Amino acid sequence: MGLGIYGFGSRRPKKGYGAALIRVAKSDAKRLIKFSGGASCAPPIEFQTGADARMETTNANKIALAVLGTLLGTMALGIFSNAVFAPNKALKPGYELPGAPEAAAAPAAAPAAEEPLAALLAKADPAKGQADTKPCQACHSFDKGGVAKVGPPLYGVVGRPVASIAGFAYSDGMKAVGGDWTYDKINTLIAKPSAFVKGTKMSFPGESDAHKRADILAYLQTLSESPVPFPK
Ligand code: HEC
């Protein structure tokens, strides 16, 4: 086609124009045949393999994308459903039983109406009390003329000034208590030492049983030449 136009242009043939055109067309066709049949055979094959390789990577990419997309979709669905159906987290574990708080409150009120110390002391048992001082004996001597162990000796402690054993390194909190040891004071101390004396060195958690404490106090009463009478 282009050749035809070229022929009409700069080199206009004078005679045999048609034959020349056929010749050109012939050589052109030959060239085309040569191109498609000869050395030009390899490139199309190469092109094909290239396309295959590209296809393979494209497929792998497609599969990876599908897997990723599914994973992301599942995650997004979970987040979304969590947002929509916000899980109702219990503030405290377990089930609230109807009527349970009232039932629990009733016995809690009972210890508040605890027997006064005088009443407890009136029926206290010093022998039982001696047995109950087992944990105290790890730190205290209860014998007459006893010496300091971890804690000061306790013979005759009732009526004795607080923190008065010479040479014993009492805590500042104990020194600040002041006054003499009464049954009431000792009762409060041994119920929970850390609550009664700030920063006490008496690392004893305390005796929570009021009856046991009364028995211990009754035993302490016996550890004296002139026992201090119980409060009325
Ligand atoms: C782990 C050791 C330990 C145990 C157990 C212990 N105490 Fe003490 N106790 C001490 C120490 C130490 C002190 C001095 C506290 C301070 O200075 O703060 C002390 C102080 C005392 C005091 C004051 C004495 C004073 O001279 O002012 C009394 C009373 C007392 N204890 C009674 C008891 C009784 C009763 C028990 C048992 C129910 C007991 N303790 C158990 C270590 C102990």
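In helix H10, the buried residues are Arg213, Ala214, Asp215, Ile216, Leu217, Ala218, Tyr219 and Leu220. A residue counts as buried if 20 or more other C-beta atoms lie within 10 Å of its own, as exposed if 12 or fewer do, and as partly exposed in between, with C-beta atoms placed from the backbone. Helices (H or I, at least four residues) and strands (E, at least two) are DSSP runs, numbered from the N terminus.

The model is a predicted one, in which local features need pLDDT of at least 70 and side-chain atom pairs count only at pLDDT 80 or more, while totals for chains, interfaces and linings use all residues. Residue numbers start from 1 along each chain as its sequence is written.

H10 has 13 residues and reaches 19 Å from its first C-alpha to its last. This is close to the 18 Å expected at 1.5 Å a residue, where the expected span is 1.5 Å times one less than the number of residues. The cover over the buried residues of H10 includes H5, helix H6 (126-132) and H8.

The largest nonpolar core has 20 residues, and those touching the most other members are Leu121, Ala124, Ala214, Leu217, Ala218 and Leu220. Such a core is a set of buried Ala, Val, Leu, Ile, Met, Phe, Trp, Tyr and Cys residues joined through C-beta atoms within 7 Å. Helix H5 (117-122), H8 and helix H10 (210-222) are the elements that give two or more residues to this core. H10 gives the most, with 6 residues.

Leaving out residues up to four places away in sequence, alanine 218 touches Leu121, Ala124, Asp125, Pro126 and Gly129. Two residues are in contact if their C-beta atoms, placed from the backbone, lie within 7 Å.

Leucine 120 is part of helix H5. It is buried because it has 21 C-beta neighbours inside 10 Å. Leaving out residues up to four places away in sequence, leucine 120 touches Glu115, Ala210, His211 and Ala214.

**The loops on either side of H7**

Tryptophan 181 sits in the loop between H7 and H8. Because 21 other C-beta atoms lie within 10 Å, tryptophan 181 is buried. Beyond residues up to four places away in sequence, tryptophan 181 touches Val157, Val158, Gly159, Arg160, Val162 and Ile186.

Lysine 175 belongs to helix H7. With 13 C-beta neighbours inside 10 Å, lysine 175 counts as partly exposed. Its contacts, not counting residues up to four places away in sequence, are Ala163 and Tyr170.

Alanine 163 is in the loop between H6 and H7. Its 19 C-beta neighbours inside 10 Å make alanine 163 partly exposed. The phi of alanine 163 is near 55°, a positive value in a residue other than glycine. Most residues other than glycine have a negative phi.

| Pair | Separation in sequence | C-alpha to C-alpha distance |
|---|---|---|
| Leucine 120 and alanine 214 | 94 residues | 6.0 Å |
| Tryptophan 181 and glycine 159 | 22 residues | 5.0 Å |
| Lysine 175 and valine 162 | 13 residues | 7.1 Å |

**Around the ligand**

The ligand is surrounded by 31 residues, the closest being Cys136, Cys139, Gly151, Ser171 and Met202. A residue is near a molecule if its C-beta atom, placed from the backbone, lies within 6 Å of it. Helix H7 (172-175) and helix H8 (183-191) are the elements that give two or more residues to this shell. H8 supplies the largest share, 3 residues.

By class, the shell has 21 nonpolar, 8 polar and 2 charged residues. Here Ala, Val, Leu, Ile, Met, Phe, Trp, Tyr, Cys and Pro count as nonpolar, Asp, Glu, Lys and Arg as charged, and the others, Gly among them, as polar.

**The chain as a whole**

The chain has 10 helices and 0 strands. Of its 232 residues, 12% count as buried. Among contacts between residues at least 6 apart in sequence, 55% join residues at least 24 apart.

The mean pLDDT of the chain is 81, and 69% of its residues reach 70 or more; pLDDT is the predictor's confidence in each residue, from 0 to 100. Over residues 1-10 the pLDDT stays under 50, and the model has 4 contacts beyond four places in sequence for them. Residues 36-42 also have pLDDT below 50, with 1 contact beyond near neighbours in sequence. Where pLDDT is low, the predicted coordinates should not be read in detail.
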